[in-house]
Amino acid sequence: YYYSRNFNWADIEKELGRIELPTFILWGREDRYAHVSQAHGLNSKILHSQLKIYDSCGHMLHEECAARIIPDIKAFLQSN
C-alpha cells in the first residue's frame with residue numbers, strides 16, 4: 001500500500017510508449033482501487049497492447065474471475 005501510494009506514476013507514464021512487447025491488459029469494470037478509465041489510458045499509451053475489461057469483476061481478477069480470465073490469458077499467450 002505504501003509503495004503504490006508513493007510511487008511516481010508520472011515517470012512510469014512517460015515510459016509506457018517504450019514497451020515493445022505485446023501486452024495484455026486485464027481490468028475489472030468494478031475495480032474500486034483503479035478506475036476503468038485508467039485501463040483505457042494504459043491501452044492508448046502501450047503500442048502493442050490489447051485491453052479486455054471484465055464485467056462483475058473488481059481489482060483482484062485472478063481471485064474473483066479466474067475461470068473467465070484464464071482462457072483469455074492462454075489465447076493471448078498462444079497468439080503472441
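**Aspartate 31**

I started with aspartate 31, which is buried (under 20% relative accessible area, with exposed meaning over 50% and partly exposed in between; 1.4 Å probe, protein chains only). Aspartate 31 has no salt bridge, where a salt bridge is a side-chain nitrogen of Lys or Arg within 4 Å of a carboxyl oxygen of Asp or Glu. The nearest side chain of opposite charge is arginine 32, 8.1 Å away. For charge, Lys and Arg count as positive, Asp and Glu as negative, and His and the chain ends are not counted.

I noted the ground rules here: the model is predicted, local features need pLDDT of at least 70, side-chain atom pairs count only at pLDDT 80 or more, and totals for chains, interfaces and linings use all residues. Residues are numbered from 1 along each chain as its sequence is written, and side-chain values use heavy atoms, with hydrogens and water left out.

Where does aspartate 31 lie? I found aspartate 31 in the loop between E1 and H3. Helices (H or I, at least four residues) and strands (E, at least two) are DSSP runs, numbered from the N terminus.

What does the aspartate 31 side chain have at 2.9 Å from one of its polar atoms? I found the backbone nitrogen of alanine 34 there. I then listed contacts (heavy atoms within 4.5 Å). Leaving out residues up to four places away in sequence, aspartate 31 touches Cys57, Gly58 and His59.

I looked at the strands next. E1 and E2 pair in the parallel sense over 6 bridges; pairing requires at least two DSSP bridges between two strands. Phenylalanine 24 has glutamine 50 in E2 as its bridge partner. The chain runs from E1 through H3 to E2, a right-handed β-α-β crossover. Right-handed means that, with the strands pointing away from the viewer, the path from the first strand over the helix to the second runs clockwise.

Which residues of H3 are buried? I listed Val36, Ala39 and Gly41. The buried residues of H3 pack against E1 and E2.

**Salt bridges**

I counted 5 salt bridges in the structure. I looked up three pairs.

Lysine 45 and glutamate 13 meet through their side chains at 3.0 Å, N to O. This pair links distant parts of the chain, 32 residues apart: lysine 45 sits in helix H3 (residues 36–45) and glutamate 13 in helix H2 (residues 9–15). Lysine 45 is partly exposed at 33% relative accessible area. Glutamate 13 is also partly exposed, at 40%.

Next, aspartate 55 and arginine 29 form a salt bridge at 2.5 Å, N to O. Again the pair links distant parts of the chain, 26 residues apart. Aspartate 55 is in the loop between strand E2 (49–54) and helix H4 (61–64), arginine 29 in the loop between strand E1 (23–28) and H3. Aspartate 55 has a relative accessible area of 42% and is partly exposed. Arginine 29 is partly exposed at 42%.

Last, I checked glutamate 15 and arginine 18, whose side chains meet at 2.8 Å, N to O. Is glutamate 15 buried or partly exposed? Glutamate 15 is partly exposed, at 37%. Arginine 18 is exposed, at 64%.

**Serine 56**

Serine 56 has a phi near 60 degrees, a positive value in a residue other than glycine. Serine 56 lies in the loop between E2 and H4. I read 61% relative accessibility for serine 56, which counts as exposed.

Terms used: Polar contact = N/O pair within 3.5 Å; in protein donor to acceptor, adjacent residues only side chain to side chain.
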